[in-house]
Amino acid sequence: MLFNSTEFLFAFLPLILCGFYLLGPLSRTWALGWLILASLVFYAWWRPVNVLIIAPSIAVNFGLARILLRLAEREGSRAASTAVLVLGIMFNVAFLGFFKYTDFISGAINDVFGANLVLRHIILPLGISFITFQKIAFLIDVHAGRVRSFTPWDYCIFVLFFPQLVAGPIVHYREMMPQFHAAPCRFDKENVAVGLTLLLFGLFKKVVLADNIALFVTPIYEHSAAGDGTTFLRAWMAAIGFTLQIYFDFSGYSDMALGLARFFGIRLPQNFDSPLRASSIIDFWLRWHMTLTRFLTGYIYNPFALWLTRRRLAKGLSVFGGRNTTAGAFVYLLMFPTVITMFLSGLWHGAGYGFIVWGLLHGFYITINHGWRLIAARLWPDKRSYVRFMKPAGLVLTLLSVTIAMVFFRAPTMTSAIDLVKGTIGLNGVGLPRTLFDHLGPLAETLHAAGVVAESWTLQDFAKTVMWISILMFIALACPNTLQILARYEPALGVTAQPAKSQIDPKIEWRASLPWAIAVSAVAAIAIVSMGGSSEFLYWQF
């Protein structure tokens, strides 16, 4: 069931909220049981067999976590606990691998060795990547002693809570269960008002902004996939357009998830913080899909880098030490774990060469960024002038780097991705709509002599694409984001009003007032009218 579908918004959600608010005053247990049942229905709606697929995995993980909990109470059982943890991680990776990577591995073997393995075209259960990461994190936290007790009821509500079940945010047990234990399970006008506002803002981002620019971006990728060379302007429109599409699509989903959770008195962690305003690629990953960054850093990068550091110390070699870092230590202790982590991030996102290239690019981007920070501290001692220059320069460079990488994320094939990248550097020439050419008069001949060609691309589509890119870029770079507007009501975990650091005019901060009621009603009306046919969120099957 899609958050932006009529059956979810006008049937499922009202029914679930009514049941929750009616049962809450009678029994918190009944209300949370109703929520678990609703989450199972939500997950099964598209394909009921999904529940039969995911249920055994949830049961196995619960059993392993209980074993880890018992082992933690015994002295001298660290080795056994580690073995159980490794078994649990291997089980989850194998479970994810079967559904997500079987065809990809078979296809890769066919490509490399000329084999003729049959592709099974396994249907991917919804949200399997997010659910897998969440279960792995839970096992690691139990093993590390960060989770000391849980019941089957607690585990089910943690794993199945429908607002974040399919596409995140990726949550931790220790930040969610205290909230569920404290939730009054009753109607609260502030929670409902904040939740509804977040839900409608997210819906607007998805169906008005992301879906409308997709109408003009998708044909360019299809044109490239058909084998036709993509010229300079078209390639940049495809690259920038999709970057904006996925940002508004996924941040719109995240806002809706935050709003839905707030209806039940739950705050989910923040997942986006205006990432396209980042002035470095490191800053970008602190703002983009923040809960994924948290998982990758805490559960992959940090343990791997620590293990490498201990190995290097055991050999008597130097380690990472700021300005005194040697090239060998930098490569071994920073570059290597960074690239491996981002490679796994790319592979997690999707079973395809393009996702792997996207992940590797970001790995090298981050490595270069760290290297530049070490060098810049020596080359540019005046910190103020450095910040004054690098903030705008870094923003442009980061945006260009992210945009180019997104081509590999979106393009259906590597051939198509390479064609689009060639287009962005002008290797496929420059083209303009034929209609525009016809209106340029003598200038058209000059442009043609310079190599500019006329394309079968309507002037109307060209103008609309430029218009949508301009509007979305302005919103992404210049306007306060949803969580800044609602900051005084803590719309997400850790997001609170900070007057001293506030970057927005207090007049546009959300509050329960008539002007905001009118504004949110207008947003709702535009979003509902724009819904039409439901379109999937881009991260829906990751």
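How do the residues of the lining of the second largest cavity divide into nonpolar, polar and charged? I looked that up today.

**Ground rules.** I'm working with a predicted model, where local features need pLDDT of at least 70, side-chain atom pairs count only at pLDDT 80 or more, and totals for chains, interfaces and linings use all residues. Residues are numbered from 1 along each chain as its sequence is written, and side-chain values use heavy atoms, with hydrogens and water left out.

**Second largest cavity.** A cavity here is a set of points on a 1 Å grid over the protein atoms alone where a 1.4 Å probe fits but cannot get out, and lining residues have an atom within 4 Å of a point. I found about 60 Å³ of space in this one, counted as the space filled by probe spheres set on the points. Its lining splits into six nonpolar, three polar and no charged residues (Asp, Glu, Lys and Arg count as charged; Ala, Val, Leu, Ile, Met, Phe, Trp, Tyr, Cys and Pro as nonpolar; the others, Gly among them, as polar). Phe130, Val159 and Gly168 are among the lining residues. Helix α5 (residues 128–144) gives the largest share, three residues; helices are DSSP runs (H or I) of at least four residues, numbered from the N terminus.

**Helix pair.** Val159 turned up again, in α6, where Pro152, Tyr155, Val159 and Leu160 meet Ile58, Asn61 and Phe62 of α3 (contact means heavy atoms within 4.5 Å).

**Largest cavity.** I got about 70 Å³ of space here. Lys205, Ser251, Asp255, Phe272 and Leu483 are the closest to its centre, out of 13 lining residues. α9 gives the most to this lining, five residues.

Terms used:
Helix = DSSP H or I, 4+ residues; strand = E, 2+ residues; numbered from the N terminus. 1 Å grid on protein atoms, 1.4 Å probe; cavity = no way out; pocket = protein on both sides within 12 Å on 5 of 7 lines; lining within 4 Å.
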